[in-house]
Amino acid sequence: MTTPVSLEGKNIGCIGCGNMGSAILNGLSQLAEVHLFGYNRTRSRLAPLEEKGVTAVDSIPAIAGLSDLLIIGVKPYLVKQVLTEALPALRPQTVILSIAAGISLADLKSNVQNHCAVVRVMPNTPALVNAGSFALALDDPALCSADQQACIDLFSSLGQVLVLPEEKFPAFTALIGCGPAYVFHFMDALAEAGVTLGFTRQEALELVTQLTLGSAKLAALPGSHPALLREQVCSPAGVTIEAMNHLDRTAVRGHLIDAVLSAYRKS
Ligand SMILES: NC(=O)c1ccc[n+]([C@@H]2O[C@H](COP(=O)([O-])OP(=O)(O)OC[C@H]3O[C@@H](n4cnc5c(N)ncnc54)[C@H](OP(=O)(O)O)[C@@H]3O)[C@@H](O)[C@H]2O)c1
């Protein structure tokens, strides 16, 4: 994959290489012109990343000192502790990118004592297969336009990026951060129907997974709209419109909307 100019020659570090941190480094390993570094509490978790060209670093100060862009991939309750340990080694031009849910830009600025620029990122789990959606809050005035571009390019190589004001993060979390659970719930229910109709569980799951992938590809075509695609499947007096009528009578759309609004109230 071609390395964006904004990232050429950059040192990109990640502290906390679990599910999400590893997925991010793994995705970035496709870029030839960046240098990747990882630090994780349990060092053995870095072995698969080292095979992809990531350099394992032995301490938080070491990775903090050498990173131009430093991703914080630990659980939210550990962010303050990790940044406090990193702080003495951080250079003012380093940019901190935190993926920790619920940790605000103000928290991050306070943790690094305003020493460098910070970015808040909200990923979702399809990032694990390079198909994530990432919200980026680039509201820190200390972030120059070149660094803003570098942050956008970094996550664009891992999926879709949306730059949002921080106050939109709860909405993004409720719709897209939680979103994979909604889709999996829907897929699981369809597979259950398939089993009821006599498919094996394996067959039902494979069929429903392909159904979801194929439908998403159709919906992603330029000019596509889910309502129009649904209309195309519903012939007059046909079979599909029977099912759609049942979904409408039982207010499935309303329940989905309410589910997202419930998550939003809690975000
Ligand atoms: N997973 C998601 O769907 C999702 C979505 C949005 C945001 N996030 C955010 O992503 C972050 C990571 O989540 P995750 O699911 O990837 O968690 P995870 O798999 O538990 O990864 C966290 C990693 O941090 C390491 N770690 C803990 N303390 C450390 C320290 N002091 N120094 C270095 N490494 C340390 C852990 O090491 P060990 O191997 O020793 O445990 C673990 O590998 C969280 O802040 C979460 O809020 C996750």
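The structure holds six salt bridges, a salt bridge being a side-chain nitrogen of Lys or Arg within 4 Å of a carboxyl oxygen of Asp or Glu. Please note that this is a predicted model, in which local features need pLDDT of at least 70 and side-chain atom pairs count only at pLDDT 80 or more, while totals for chains, interfaces and linings use all residues. Residues are numbered from 1 along each chain as its sequence is written, and side-chain values use heavy atoms, with hydrogens and water left out.

Helices (H or I, at least four residues) and strands (E, at least two) are DSSP runs, numbered from the N terminus.

Asp 58 is exposed, at 63% relative accessible area, whereas Arg 43 is partly exposed at 42%. Here buried means under 20% relative accessible area, exposed over 50%, and partly exposed in between, with a 1.4 Å probe and protein chains only.

An oxygen atom of the ligand is 2.4 Å from an N or O atom in the side chain of Thr 42, and one is 3.0 Å from an N or O atom in the side chain of Arg 41. Taken alone, the ligand exposes 900 Å², of which the protein buries 83%; accessible areas come from the Shrake-Rupley method with a 1.4 Å probe, and for residues only the protein chains shown count as cover.

Next, helix H1. Why is helix H1 (residues 19–28) described as largely enclosed by the rest of the structure? The reason is that eight of its ten residues are buried. Among the buried residues of H1 are Met 20, Ile 24 and Leu 28. The buried residues pack against E1, strand E2 (35–39), helix H2 (47–51), strand E4 (69–72) and helix H6 (145–156), where contact means heavy atoms within 4.5 Å.

Finally, Ser 6 is found in the segment before strand E1 (11–15). Ser 6 is buried, with a relative accessible area of 18%, and is in contact with residues including Gln 149 and Ala 150.

Technical notes. A polar contact is a pair of N or O atoms within 3.5 Å; within protein, one must be able to donate a hydrogen and the other to accept it, and residues adjacent in sequence count only if both atoms are side-chain atoms. Lists of a residue's contacts leave out its neighbours within four places in sequence.
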